[in-house]
Amino acid sequence: MLSTVNHSHQRILLLNRRRPPPHLFSPKSSLSTTQPPPSTPAPSQILSIRHTLLNRQLTAVDVAESYLTRLRLAEPTLRSFLHVADEDSVLKAAADVDRRIQRGEEVGPLAGVLVGVKDNICTADMDTTAGSRVLEGYRPPFDATAVRKVKELGAILVGKTNLDEFGMGSTTESSAFQVTANPWDESCVPGGSSGGSAAAVSARQCVVSLGSDTGGSVRQPASFCGVVGLKPTYGRVSRYGLVAYASSLDVIGCFGTSVADAGILLHAISGHDRFDATSSKQEVPEFASQFISSNFLESKPLQGVRVGVIRETLEDGVDETVVSSIREAASHLENLGCSVTEVSLPSFSLGLPAYYVLASSESSSNLSRYDGVRYGTQVAGEELASLYGDSRAKGFGAEVWCRNYSGLSGCQIPLRWVVKRRILMGTYALSAGYYDAYYKRAQQVRTLVKKSFRAALDENDILISPAAPSAAYKIGMAYSISVHCLALGNALLTFMIRELHLTFSGEKKNNPLAMYAGDIMTEKLLRIGHIFEQTLEGHSFVPPIVNTMS
């Protein structure tokens, strides 16, 4: 049944691409008076599912069964999920959507859409472990605000996705429970820490998913898995119910197979929340108004848009194929009418050391609550200090093994004490004798990086760079966090340019493009990204594993 939805979606894409290339930056009034309204939906799985449900071409139960079947078939190989929702409850929720449609009742914009949720976002009906043994078996008594909002709009939660422990990692290998594989190449990492959410969307195990981003944890896995990742500006989405890692950096973000899907999901979860004092009170715009089908766009739809390519992100340490893809993306934007210039951000590289100090310091404070008394794993001790110490020793940084893995039989991933190391680093940076030298100085550097971005965005509408310095690498290889993902606080959109570049292994790889915008509402970012996506020719974003399960 799912293949019917996908084929319908592909017909929409092909129809759009037969028409002349897509002006969206005209005033809305001129659009409404000189052009007819779009007659076909933008390339979006959410809109495609909604169209088939309301036109009675498929039922929500049909759609749910198709995704559940694909999830079951792919899960032994990919291991995207830590917890999968009870199948009967998923089908019951889908049947309720069908009954409401049959009765002619209005259904929410996410009705019948299966959503995956990263396992550091609280759900009342499923465990929330944050990928750590210290929270094994913990079930929150409430839903996170983002989860509650998607449920209220008709979405169906299909499961909790795998992640690096407490979001500390770039590969999803430091999960205490399992290693997730990349749907494009099962011997490669999906990125992290939201690797499970990205892999699940890429493999079509769910329609869209929620992740979290502290230093690139939505953007980098989106680039590795060939999906769209959207990290909103800090404060756009409530953090209530998100397990804290670094509170001043944590953001809940979105994964989808198209810019439209990521934008629709973002609209669903955005807005002020009285439970989160850091959430913005700015009005949430209607993002869907930015998604106009390509057959209603002019030949130069991005005329007048100023694009800056960040020079420092294309220098030493970045794969040549990635640099080439970014150059080609810039050329494509020029063909769409953009004026593209190179901009220099000398302070850009300072973001990485500042991030490590700030994130480690805040995590050492946030993770102090996991002491074996209030949450999760507890190891009996004769004294309180030994109870604390032994419980944390057992619960944090468990050894991760990878045996009998597809293509990696016998592989053993090295021991990673990611959480413990960051707690020690953070505690040291916050200690009385070193606070000014480390934490205070890192905050000053953060302000410097922010000012440089703001200055660059005063001269440009968007900035572009790689989302990561390379394509996905093999499971078990050494890794490090990418400086390319450290635009502290800015809205950022990541998606793929699938090119015919060859890596050392002779395989085709996904090369990442990141777009930055400075405004909290991200309308500009979504508009440009949507046009860029729709005007790409000859690119495939469906991994082979999907075709084998159709």
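A polar contact is a pair of N or O atoms within 3.5 Å; within protein, one must be able to donate a hydrogen and the other to accept it, and residues adjacent in sequence count only if both atoms are side-chain atoms. The structure discussed here is a predicted model, in which local features need pLDDT of at least 70, side-chain atom pairs count only at pLDDT 80 or more, and totals for chains, interfaces and linings use all residues. Residues are numbered from 1 along each chain as its sequence is written, and side-chain values use heavy atoms, without hydrogens and water.

Helix 3 spans residues 45-54; helices (H or I, at least four residues) and strands (E, at least two) are DSSP runs, numbered from the N terminus. At its start, a side-chain oxygen of Ser44 comes to within 3.3 Å of the backbone nitrogen of Ile46. Within helix 3, Gln45, Ile46, Ser48, Ile49, Thr52 and Leu53 are buried, that is, under 20% relative accessible area (1.4 Å probe, protein chains only). These residues lie on the same side of helix 3, because they cover an arc of only 165 degrees around the axis, taken from the directions from the helix axis to the C-beta atoms. After helix 3 comes Arg56, with a positive phi near 60 degrees.

Thr123 belongs to the loop between strand 2 (114-118) and helix 6 (145-152). Thr123 is buried, with a relative accessible area of 0%. Its side chain reaches the backbone oxygen of Met126 at 3.0 Å. Beyond neighbours within four places in sequence, the residues in contact with Thr123 include Val117, Arg139, Phe142 and Leu157, where contact means heavy atoms within 4.5 Å.

Note on methods:
Buried means under 20% relative accessible area, exposed over 50%, partly exposed in between (1.4 Å probe, protein chains only).
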